[in-house]
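Hi everyone, thanks for coming. I'd like to walk you through a structure, starting with one residue and then stepping back to the whole chain. Please have a look at it first.

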Amino acid sequence: MKFLHAADLHLDTPFIGISDFSKELQQQLKDSTYQAATKLFETAIAEQVDFVILAGDIFDDTDSSLKAQMFLRDEFEKLNQADIKVYLIYGNHDYYRNNFAVVNFPKNVKVFGQDVSTVAINTKDGQRVGLTGFSYYQQHIQQSIVQDYPDRGNFDYQIGILHAGVGDDNYAPFQVSDLLKKGYDYWALGHIHKREILHEAPMVVYPGDIQGRNQNETTPKGFYIVSVTNQVTQLKFVKSSIYTWDKASINALADDTIDSLINKIADMLDQSQTLITLTIDNAQNLNNDVIKTIKRDEIRQHFVNVTTNGILYKIYLKFNDNPQLAKVDQKYWDEAATSTLNLDNIKDLDSKLYASDIIREHINEPGFLSSIKELTKNTINQKYTGE
């Protein structure tokens, strides 16, 4: 038996912060989720899988465009002609509603409804496989839905399909132990955009998204081909991302000029179709005119009009520790960071902002608070540079 496990296609992702790019590049980025999805479906046919699992957030928004729906319908029909079934759930971005779709998907597509249900399929090698899942019916689901999944049924192989986060109170929270109790052979997860295997034997798998959507979603993205032979499950990662986001850094020297920095950056932009977020370390070494030029975004704008393999997305200046400030007792720094940069306090600053799904997701990312502390420290170091 062989199947394809993917999640978080996010068709029609708007790609924030690209307005300064050329119209051509903006369009190529917006098309990249479609190109990545095309790679996914082409691979399913080439690998002759029994079925495809799409574990939520197929569309970037619950008001999916006709373009996205028509694209999926056409791709699903190609799978139908190849005798490949599709098992699909909707997630928090494209949550299920009555009359959700403008177009109807072909008969090989099973869309799970808002109640947990199980379907059975007989694979080409004669295995009886059960697939259990549900679709979001609203943007946020605070209660654990895993408890509604039945224990393992009378199947040769059983798969749970779930769009959720570990301990994430807004998105059908679960613990890995909750999944293991069900006795399934494979958990096809979605929602987290980082590729991760949470457990082996049985497999509990996040494939990540198929195309990175912002500077924090680094590394190539893709999906898994899952092969099952004699009850042994094996994964093969397939890259689908058209553009890769990456991070890089260069060290600023006291004698650096705009020209020397441009040369350093040009040497770094050597990977094709890669969007680079650049950090300039030890920015306190640069003279004020150079710093002002960088802050006015002039260097990045220069590279918008220069042909390079890679794409310069953003530049951050990092002002390293000021020796004078380092003399301050570490205890007071720690106390200030704890009392001032408190996650609950940040959430309470503006309830309307926190009600925004995008902002809430960003604030709840594991590295959010540490990044805020780093930015604050960087700002203080910059302010007192040379004093």
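So, to get us going: does A68 count as buried or exposed? A68 counts as buried, because its relative accessibility is 0%, and the cut-off for buried is under 20%. Please keep in mind throughout that this is a predicted model.

Where does A68 sit? You'll find A68 in helix α2, which runs over residues 66-81. And what does A68 touch, once we leave out residues up to four places away in sequence? The list is L11, D12, Y34 and F59. Let me pick out Y34 from that list. A68 and Y34 are separated by 34 residues in sequence, yet their C-alpha atoms are 8.3 Å apart in space.

Now let's zoom out to the protein chain. It has 387 residues, and 46% of them count as buried. On the secondary structure side, there are twelve helices and 15 strands. If you take the contacts with a separation of 6 or more, 71% of them are between residues 24 or more positions apart. For those of you who like surfaces, the accessible surface of the chain is about 18900 Å², and carbon and sulfur atoms contribute 47% of that.

Next, some backbone geometry. As a reminder, most residues other than glycine have a negative phi, and most peptide bonds are trans. Here are some exceptions to look up on your screens.

Let's take the peptide bond first. A201 and P202 are joined by a cis peptide bond, with omega at about 5°. P202 belongs to the loop between β9 (196-199) and β10 (203-206).

Then phi. Q48 is not a glycine, but its phi is positive, at about 55°. Q48 is in the loop that links α1 (23-46) and β2 (51-55). Is Q48 buried or exposed? Q48 is exposed, because its relative accessible area is 59% and the exposed class begins over 50%.

N230 is another residue other than glycine with a positive phi, this time near 50°. Look for N230 in the loop between β11 (222-229) and β12 (232-239). With a relative accessibility of 74%, N230 counts as exposed too.

Conventions. Residues are numbered from 1 along each chain as its sequence is written. This is a predicted model: local features need pLDDT of at least 70, side-chain atom pairs count only at pLDDT 80 or more; totals for chains, interfaces and linings use all residues. Side-chain values use heavy atoms; hydrogens and water are left out. Helices (H or I, at least four residues) and strands (E, at least two) are DSSP runs, numbered from the N terminus. Buried means under 20% relative accessible area, exposed over 50%, partly exposed in between (1.4 Å probe, protein chains only). Contact means heavy atoms within 4.5 Å. Accessible areas come from the Shrake-Rupley method with a 1.4 Å probe; for residues, only the protein chains shown count as cover.
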